[in-house]
Amino acid sequence: EVSQLVLMGNVYVTTPCLHELMSRDVTVSWHSFGGWFMGHTVSTGHKNVEIRTAQYKASFDPAHCLRIAKSLVIAKIQNSRTLLRMSGKAGEAPEAVVEAVKVDVEQAGRGKSLDELLGFEGNAAARYFGQFQQMIRRNDEGGFDFDFNNRNRRPPTDPGRAGLSFGYSLLTRTWAVPLSGVGFDPYRGFYHQPRYGRPSLALDMMEPFRPLVVDSSVLQVINNGEVKPSDFKSAAGSVALNDDGRKRFIAAFERRLEHEITHPMFGYKLSYRRLLELQARLLARHLLGEIDDFPSFVTR
């Protein structure tokens, strides 16, 4: 019943165990102690070379890259707007902000280049994270402050940023598995440009799911008290979850992946985990010419 094995830190797996896992097509994902995705061990991989050929061909076409990137970014902004509307308390998620994010969606649709699209996405993200703090219930225990203003990338300098960074790392790893399983090369993307060691396609595909899976998980563990300020440790100016906090966050993340939603296109229920594979297969169908446009997922 094991579908994947995720290892955090300096954990050993014996050769016979690895052989058995690979024979059953069970992916082994390797992470640092801080949760940074290092890579994964798989079997011989998918043999559908036509998908990778179509992927590489589209990735060298600027117009095609922009079409796919627009779909992903627009879906991300729309899903961020939905989370703001659903999680904001009365008076703390101003309607003006929600409407401004709607304008960001329209601007992204008019983007004429990847650089321009990146600018529109950045504006929407700044607006979104400017309100993120309002979705967090006040903490009276003292200690760390969950402050999402002026969110930096790496290393995270407060618990809120640390939770997001860790969650995005988990989501990147989660996306790399179905992409490889369907037959894609996770390192050749359309929006995120190729860079040595960067799983660009996984980063592309996770964009619409950042607010739906990771941001919502961060809000849940903080607001429900599953992860507290005492579950974080600070060293050399950076903040990270300790072992206990990491376990509870991973449990919440996995619960979120098993949460069922109704697909707006097909009308049936499926988990987010199954949805990732479905979206990967829809991308394959688009690149192979079976459907005209790639339908990014937007929640209702």
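This is a predicted model: local features need pLDDT of at least 70, side-chain atom pairs count only at pLDDT 80 or more; totals for chains, interfaces and linings use all residues.
Colleague: What lies between the strands in the hairpin of β4 and β5?

Modeller: Two residues lie between the strands, and A236 takes a positive phi near 55 degrees.

Colleague: Why is E207 called buried?

Modeller: Buried means under 20% relative accessible area. E207 has 2% relative accessibility, so E207 counts as buried.

Colleague: And what makes K76 buried?

Modeller: The cut-off is again under 20%. K76 is at 14% relative accessibility, so K76 counts as buried too.

Colleague: How do you know that E207 and K76 form a salt bridge?

Modeller: A salt bridge needs a side-chain nitrogen of Lys or Arg within 4 Å of a carboxyl oxygen of Asp or Glu. For E207 and K76 the closest N and O atoms are 3.1 Å apart, so the pair qualifies. E207 lies in the loop between α7 (200-206) and α8, and K76 lies in helix α3 (residues 62-87), so the pair ties together parts that are 131 residues apart in sequence.

Colleague: What makes E226 and R255 a salt bridge?

Modeller: Their closest N and O atoms are 2.8 Å apart, and the limit is within 4 Å, so they qualify. The pair links distant parts of the chain, with E226 in the loop between α8 and β4 and R255 in helix α9 (residues 243-258), 29 residues apart.

Colleague: Is R246 buried or exposed, and which residue does R246 form a salt bridge with?

Modeller: R246 has a relative accessible area of 8%, so R246 is buried. The partner of R246 is D243, with the closest N and O atoms 3.0 Å apart. D243 is at 45% relative accessibility, so D243 counts as partly exposed. R246 and D243 are three residues apart in helix α9, so they are separated by about one helical turn. Elsewhere, salt bridges that share partners join K76, E121, E207 and R210 into one network.

Colleague: How many salt bridges does a search of the whole structure find?

Modeller: The search finds 15 salt bridges.

Colleague: Why is α8 called largely enclosed?

Modeller: 13 of the 14 residues of α8 are buried, so α8 is largely enclosed by the rest of the structure.

Colleague: What span does α8 reach, and what is expected?

Modeller: Helix α8 (residues 210-223) reaches 18 Å from its first C-alpha to its last, close to the 20 Å expected. Also, α8 bends by about 25 degrees at S216. After α8 comes G225, with a positive phi near 75 degrees.

Colleague: What about the protein as a whole?

Modeller: The protein has 10 helices and seven strands. Buried residues make up 49% of its 300 residues.

Technical notes
Residues are numbered from 1 along each chain as its sequence is written. Side-chain values use heavy atoms; hydrogens and water are left out. Helices (H or I, at least four residues) and strands (E, at least two) are DSSP runs, numbered from the N terminus. The expected span of a helix is 1.5 Å times one less than its number of residues. The bend at a residue is the angle between axes fitted to the seven residues ending there and the seven starting there. Buried means under 20% relative accessible area, exposed over 50%, partly exposed in between (1.4 Å probe, protein chains only). Two strands pair if DSSP finds at least two bridges between them.
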